[in-house]
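The following briefing is meant to be read beside the sequence and the structure.

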Amino acid sequence: MKNLEELVRPNILALEPYSSARNEYSGKEARVFLDANENPYNGPFNRYPDPLQTELKTRLAQVKGVSPEQIFLGNGSDEAIDLAYRCFTRPGIDNVVAIEPTYGMYRVCADINDVEYRPVNLDEHFQMSADKMLEACDEKTKIVWICSPNNPTGNHIGQEEIIKVLQQFHGIVVLDEAYADFSRRPSFRLALQHFPNLIVMQTFSKAWGCAAIRLGMAFASKEIVDIYNKVKYPYNVNLLTQQHAMRALDDMESIEQWINLLLEERSIVMRAVQALPYCQQVFPTDANFFLTRVDDAQRVYNYLVDQGIIVRNRTRVQLCHNCLRITIGTKEENSTLIGALRRFV
């Protein structure tokens with residue numbers, strides 16, 4: 001890996017971050033707050049939230065097996081994605097490399113930030129070739145994007161191939177593990193000490209059932225987290241989100257129950273879809289969704305919409321012709337889906 005100073009945009013390296021009112025007296029006791037032009041009434045919502053989410057990170061670090069200094073919290077994972085571009089890539093100059101197909105926001109954020117996006121196709125089993133990824137890189141490649149379990153394919157990317165990229169690429173590697181809670185494989189966040197160029201993203205939106213609170217996690221070295229904190233907006237995670245996340249952390253038993261229920265239902269739904277006469281293939285998955293190839297994805301999709309059932313038509317995505325992505329719902333929702341698919345002619 002290059003020195004971090006070589007990877008960070010020069011203007012970001014020199015940036016003097018905004019100093020929020022709540023940071024300036026850090027470490028001291030305070031009772032009267034007359035510093036931030038807040039309304040003194042309607043507590044606690046009249047006060048700005050902790051800009052670094054200290055209490056939440058301390059609690060989350062215990063669950064995730066990392067130190068609080070290795071955690072960045074953002075307004076969904078999309079904030080962490082956008083910050084990677086704003087911190088490490090120079091518009092109109094640098095480029096990024098990503099597996100294809102994958103989560104669409106990597107490309108959208110590249111376009112927003114005027115950064116060349118270089119997709120590298122997965123093979124017929126939706127697996128990544130580290131050699132092909134590295135061949136697509138040049139001296140101006142700052143970031144490599146890998147999603148595992150991948151979206152929309154659902155499968156894990158081979159660990160050996162990921163490690164090869166981490167060891168041989170000199171820039172930042174972002175590994176998006178949004179669906180890792182549905183897998184029994186260990187998270188790469190537990191290997192941060194071995195890979196200083198690694199950023200691992202996770203989220204409260206999937207297994208934790210908290211998509212509405214918009215809370216994403218990025219795990220990285222303290223040095224990378226410090227750079228993210230320089231660039232993020234001062235109060236990027238609101239008080240209500242922080243409070244709800246703390247409650248979720250206090251109810252890990254429910255989250256484990258949800259995961260187990262979804263994995264059981266996933267097996268049932270996948271078997272039922274595989275048995276449909278117009279189903280060509282159901283692809284292996286490590287997520288709370290799966291990809292299936294059917295005879296005519298658009299016809300099936302339109303039929304399901306007419307039935308009030310919404311899945312995702314991925315037929316226009318690279319390597320996903322005539323494929324539908326189906327999320328696992330409740331037992332009742334899944335039964336409704338299966339019944340509708342069995343009636344389709």
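**A residue within the sheet**

Ala98 is buried, with a relative accessible area of 0%. The model is a predicted one, and in it Ala98 belongs to strand S2, which covers residues 95-100.

**Surroundings of Ala98**

- Leaving aside residues up to four places away in sequence, Ala98 touches Tyr117, Arg118, Pro119, Val120, Met133 and Trp145.
- Because a residue counts as buried under 20% relative accessible area, Ala98, at 0%, falls in that class.
- Ala98 and Glu333 are separated by 235 residues in sequence, and their C-alpha atoms lie 34 Å apart in space.

**The seven-stranded sheet**

- Seven strands form an open sheet with mixed pairing, in the order S1-S7-S6-S5-S4-S2-S3.
- The edges of this sheet are S1 and strand S3 (116-121), each of which pairs on one side only.
- Direction ignored, neighbouring strands of this sheet are turned against each other by 20° on average.
- S1 pairs with strand S7 (residues 216-219) in the antiparallel sense over four bridges, and Gly74 stands opposite Gly216 in S7.
- Strand S5 (residues 172-176) and strand S6 (residues 198-203) pair in the parallel sense, over four bridges, with Val173 standing opposite Leu198 in S6.

**Helices against the sheet**

- Helix H5 (residues 76-88) lies across S1, S2, S3, strand S4 (141-147), S5, S6 and S7, and runs at about 160° to S4.
- Helix H6 (residues 105-112) also packs on the sheet, where it touches S2, S3, S4, S5 and S6, and its direction makes about 155° with that of S3.

**An enclosed cavity**

- The structure holds one cavity of 30 Å³ or more, and the volume of the largest cavity is about 30 Å³.
- The residues lining the largest cavity are Val273, Leu276, Tyr278, Thr292, Val294, Val300, Leu324, Ile326 and Leu341.
- Strand S9 (289-294) and strand S11 (323-327) each supply at least two residues of this lining.
- Sorted by class, the lining of the largest cavity comprises eight nonpolar residues, one polar residue and no charged residues.

Key. Residues numbered from 1 in each chain as written. Predicted model: local features only at pLDDT ≥ 70, side-chain atom pairs only at ≥ 80, totals over all residues. Heavy atoms only, no water. 1 Å grid on protein atoms, 1.4 Å probe; cavity = no way out; pocket = protein on both sides within 12 Å on 5 of 7 lines; lining within 4 Å. Points joined across faces, edges and corners; volume = space filled by probe spheres on them. Nonpolar A, V, L, I, M, F, W, Y, C, P; charged D, E, K, R; others polar. Buried < 20%, exposed > 50% of the residue type's maximum accessible area, 1.4 Å probe, protein only. Contact = heavy atoms within 4.5 Å. Pairing = 2+ DSSP bridges. Axes fitted to C-alpha atoms, helices over the stretch in contact; angles between N-to-C directions.
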